[in-house]
Amino acid sequence: MATEDGKHITHVTPPAGIPLPQGPPVNQLPAWAQPAKKKEGVKSVVAGGLSGAVEIMIMMPTEFLKTQVQLYPQTYGKQSLGWCIKETIKTRGITGFWTGVKPLLVFAIPKNGVRFLVVNKIRDFLKDDQGRNKTWQNAFSGAVGGAVEAGTVVAVQETMKVRLIHDSLREQPRFRGAFHGIYTLLKEEGLRGCYRGVLTTILKQSSNQAIRFFTYFKLKDNLIGSSSADFNPSTVTGALLSVFSGAVAGAASVFGNTPIDVIKTKMQGMDASRYSSTFDCVKQTYKQDGWRGFYKGTVPRLCRVAGDVAITMYLYELFVQALNTVW
């Protein structure tokens, strides 16, 4: 090897017994300095998207019931859940429970994919030298993931879903189907119309995911000793622990932010023009139903969300485990 002045130097082999200085092993480097795991981000997106698509097809009936109770509290809100189910079957048939599912299904893959990608990236960045995350870091990761998915995907998805359900509940629906409804909304109100209630959607999703990931990883710490480990969902015990933890995490988020969900739904409905702002919607809701008005649809939402998170978390870990064996 030549130096700048043209002289040649040779490699020198150290005497036997004198090791060359070396840096720390890769696995002892801080989390941020370790080599990136190949394809982990892609796996997060794929596993998150697939789990979201399966979950929404299973849990859509509870979403439909929750939305109609929130949109028509004077009609459905004063009736039992059983009455709402019977009325839906009577007037719309079994398939009526899947009204508005198409936009949810279309957006399920990018929504869940973005969420898990962001959460995992932030948790990886914040890990300590032993690869562990603190409780606040799990909550923070969830909040950021929820805010990102809300601003990029969920606001549009939720507006379309609420409009389709709301229109179907009218005596004379305008929309001939899901895609006609989406086309009409874009034609009449443009892309801006799809972002009605975006502030409440961001508040809802960020608080949702902060509570859910905080609770889920806290349960992991208590049940298997580490929030960074998987439940091994391919085993019966692992599957039960994953489903249980997801259900508890989902239930916790329901009791924590149902008022935000109620306001979001009203701001995205066909009567959204009645409200001059989010604050005006809050005032009118309180004037009409008092504090109870902010918890309309809690029971169907509890069923919806607890099942949603239980299925999503279980399937996510299961899909990641499957991808790791073949990819």
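Student: Why are Arg304 and Glu63 both called buried?

Tutor: Keep in mind that this is a predicted model, so what we say is computed from it. Buried means under 20% relative accessible area. Both Arg304 and Glu63 fall into that class, so each has a relative accessible area under 20%.

Student: What makes Arg304 and Glu63 a salt bridge?

Tutor: Look at the closest N and O atoms of the two, which sit 2.8 Å apart. The cut-off is within 4 Å, for a side-chain nitrogen of Lys or Arg and a carboxyl oxygen of Asp or Glu. Arg304 and Glu63 meet it, so the pair counts as a salt bridge. As background, side chains of opposite charge can pair when their charged atoms come close.

Student: How many salt bridges does a search of the whole structure find?

Tutor: It turns up 14 of them.

Student: Why do you say that Arg304 and Glu63 tie together parts of the protein?

Tutor: Arg304 belongs to helix α9 (residues 298–326), while Glu63 belongs to helix α1 (residues 40–71), so the bridge ties together parts that are 241 residues apart in sequence.

Student: How do you know that Asp230 and Lys220 form a salt bridge?

Tutor: Their closest N and O atoms are 4.0 Å apart.

Student: Is Asp230 buried or exposed, or in between?

Tutor: Asp230 is in between: with a relative accessible area of 49% it is partly exposed, because exposed starts over 50% and buried ends under 20%.

Student: And why is Lys220 called buried?

Tutor: Lys220 has 3% relative accessibility. That is under 20%, so Lys220 counts as buried.

Student: Which other residue here forms a salt bridge with Lys220?

Tutor: Glu317 does, with closest N and O atoms 2.6 Å apart. This pair links distant parts of the chain, with Glu317 in helix α9 and Lys220 in helix α6, 97 residues apart. Both Glu317 and Lys220 are buried.

Student: What makes Val46 part of a nonpolar surface patch?

Tutor: Val46 has a relative accessible area of 32%, so it is partly exposed. Patch residues need over 30%, so Val46 passes that step. Val46 makes the patch with Val42, Leu50, Val326 and Trp327, and the patch covers about 440 Å². The largest share of the patch, 3 residues, comes from α1, the helix that holds Val46.

Student: Why does Gln68 count as buried?

Tutor: Gln68 has 1% relative accessibility, which is under 20%, so Gln68 counts as buried. Gln68 is in helix α1. Leaving aside residues up to four places away in sequence, Gln68 touches Tyr76, Cys84, Thr88 and Leu169.

Student: How many helices and strands does the protein have?

Tutor: There are 9 helices and 0 strands. Of the 327 residues, 46% count as buried. The accessible surface is about 17,100 Å², and 63% of it belongs to carbon and sulfur atoms.

Notes:
Residues are numbered from 1 along each chain as its sequence is written. This is a predicted model: local features need pLDDT of at least 70, side-chain atom pairs count only at pLDDT 80 or more; totals for chains, interfaces and linings use all residues. Side-chain values use heavy atoms; hydrogens and water are left out. Helices (H or I, at least four residues) and strands (E, at least two) are DSSP runs, numbered from the N terminus. Buried means under 20% relative accessible area, exposed over 50%, partly exposed in between (1.4 Å probe, protein chains only). Patches are made of residues with over 30% relative accessible area and no salt bridge: like charges are joined within 9 Å, nonpolar side chains (Val, Leu, Ile, Met, Phe, Trp, Tyr) within 5 Å. Accessible areas come from the Shrake-Rupley method with a 1.4 Å probe; for residues, only the protein chains shown count as cover. Contact means heavy atoms within 4.5 Å.
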